[in-house]
Amino acid sequence: MAYVPLNIDLTNKQIKVIGGGKIAERRVKALLDSDATIHVISPDLTGNLYQLYLDEKIIWYKKSFESKDLDNDELIISATNQEEVNDVIKKSAPIHSLINMVGDAQGGNVIFPGTLKRGKLQISVTSTGASPKLVSNILNDLDKQYPIDYAEYVDFLYECRIIIKSLDLEKAKKNQLLESILSDQYFDEDEQEKLTNWLKRQPKKRAREE
Ligand SMILES: C[C@@]1(CC(=O)O)c2cc3[nH]c(cc4nc(cc5[nH]c(cc(n2)[C@H]1CCC(=O)O)[C@@](C)(CC(=O)O)[C@@H]5CCC(=O)O)C(CC(=O)O)=C4CCC(=O)O)c(CCC(=O)O)c3CC(=O)O
Ligand SMILES: NC(=O)C1=CN([C@@H]2O[C@H](COP(=O)(O)OP(=O)(O)OC[C@H]3O[C@@H](n4cnc5c(N)ncnc54)[C@H](O)[C@@H]3O)[C@@H](O)[C@H]2O)C=CC1
């Protein structure tokens with residue numbers, strides 16, 4: 001089975017996480033920024049999940065899973081430590097749902113990659129279940145390669161790209177500019193400022209059309 005990498009917007013979607021242990025907590029943390037509604041079904045919760053429940057970041061059903069618990073869920077995360085329960089969850093999932101089986105890489109239709117985040121830059125790595133530890137090692141290497149302040153650097157690139165797109169230039173010239181802003185000198189904030197100011201002074205596309 002081949003898994004296709006996609007980045008998904010889950011705003012206002014309904015997510016059910018079944019299980020309240022360590023891995024459920026990891027998934028909930030990965031989903032917290034998504035503005036989805038997160039329901040957790042589990043007789044117990046880790047301390048951190050319980051705090052998220054108190055803070056009203058998640059909705060908690062203090063109970064064991066039953067088939068009827070799944071209805072309009074766009075994403076289901078099966079994260080109990082009971083294989084039989086995980087099997088029932090999989091069988092009860094509505095046909096259209098995305099389902100992640102944390103204990104069986106190929107059992108669901110969604111795999112959570114390991115992710116390194118630097119603001120708008122996200123690097124996701126998966127081995128499709130072959131070796132989570134390899135994924136972890138690769139993420140550690142990437143962590144050293146892309147320091148924390150990369151988030152600001154990526155914001156700078158984003159700002160430049162918006163301006164460059166608006167300029168009165170041939171496509172080839174724009175591509176050249178987009179390439180040149182990747183030069184190491186622009187890791188420096190003063191250089192960044194000089195360049196953005198210069199770009200802002202260049203003639204805009206619309207100015208000529210008018
Ligand atoms: C399919 C997937 C789940 C999904 O899609 O949700 C999955 C499945 C399983 N993991 C298992 C075990 C371990 N997982 C880790 C670590 C991570 N696992 C992650 C992802 C995934 N793990 C998904 C695809 C991964 C891929 O791309 O290949 C990471 C990358 C991201 C994350 O979880 O957030 C995170 C590193 C994050 C980081 O370091 O930052 C460690 C290492 C450790 O904890 O040190 C171990 C113990 C060592 C070992 O067993 O190898 C087991 C056996 C369970 C058992 O034996 O009971 C299964 C079940 C199975 O074998 O299928
Ligand atoms: N994806 C990954 O990286 C990893 C996945 N795993 C897999 O994930 C599974 C869960 O691991 P952990 O979170 O560490 O286990 P855990 O023991 O910390 O948590 C299991 C949770 O499931 C709940 N649960 C049990 N029966 C239930 C039921 N009938 N209905 C609702 N909730 C129920 C428990 O109350 C508990 O909250 C493991 O069995 C393993 O197969 C394990 C390690 C890493």
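The model is predicted, so local features need pLDDT of at least 70, side-chain atom pairs count only at pLDDT 80 or more, and totals for chains, interfaces and linings use all residues. Residues are numbered from 1 along each chain as its sequence is written, while chains are lettered from A and ligands numbered from 1 in the order in which they are written.

**Exercise 1. Work out the strand order of the open sheet and name its edge strands.**

Start with the terms: helices (H or I, at least four residues) and strands (E, at least two) are DSSP runs numbered from the N terminus, and two strands pair if DSSP finds at least two bridges between them. Next, follow the pairing, which is parallel and gives five strands in the order β3-β2-β1-β4-β5. The edges are then β3 (59-61) and β5 (98-101), each pairing on one side only. For one pair in detail, take β1 (residues 14-18) and β2 (residues 37-41), which are joined by five bridges; here Ile18 stands opposite Ile41 in β2.

**Exercise 2. Describe the hairpin of β6 and β7.**

First, find the strands: β6 (residues 114-118) and β7 (residues 121-125) pair in the antiparallel sense over five bridges. Then look at a facing pair, where Arg118 stands opposite Leu121 in β7. Finally, inspect the turn: two residues lie between the strands, and Gly119 takes a positive phi near 60°.

**Exercise 3. How do helices α5 and α7 pack?**

Begin with the geometry: α5 (residues 150-166) and α7 (residues 189-201) pack at about 15°, with their axes 10 Å apart. Axes here are lines fitted to C-alpha atoms over the stretch in contact, and angles run from 0 to 180 degrees between N-to-C directions. That makes α5 roughly parallel to α7, a label for angles under 35 degrees. Now list the contacts (C-beta atoms, placed from the backbone, within 7 Å): Phe156, Glu159, Cys160, Ile163 and Ile164 in α5 meet Gln192, Leu195, Thr196, Leu199 and Lys200 in α7. Sorted by class, this contact has six nonpolar, two polar and two charged residues. Ala, Val, Leu, Ile, Met, Phe, Trp, Tyr, Cys and Pro count as nonpolar, Asp, Glu, Lys and Arg as charged, and the others, Gly among them, as polar.

**Exercise 4. Which residues come nearest to ligand 2, and which helix gives the largest share of its shell?**

Collect the residues whose C-beta atom, placed from the backbone, lies within 6 Å of the ligand. Of the 21 residues around ligand 2, Gly19, Gly21, Ile23, Phe65 and Gly103 come nearest. Helix α1 (residues 22-31) supplies the largest share, three residues. By class, the shell divides into 10 nonpolar, nine polar and two charged residues.

Conventions: Angles under 35 degrees count as roughly parallel, over 145 as roughly antiparallel, 65 to 115 as roughly perpendicular and the rest as oblique. Two residues are in contact if their C-beta atoms, placed from the backbone, lie within 7 Å.
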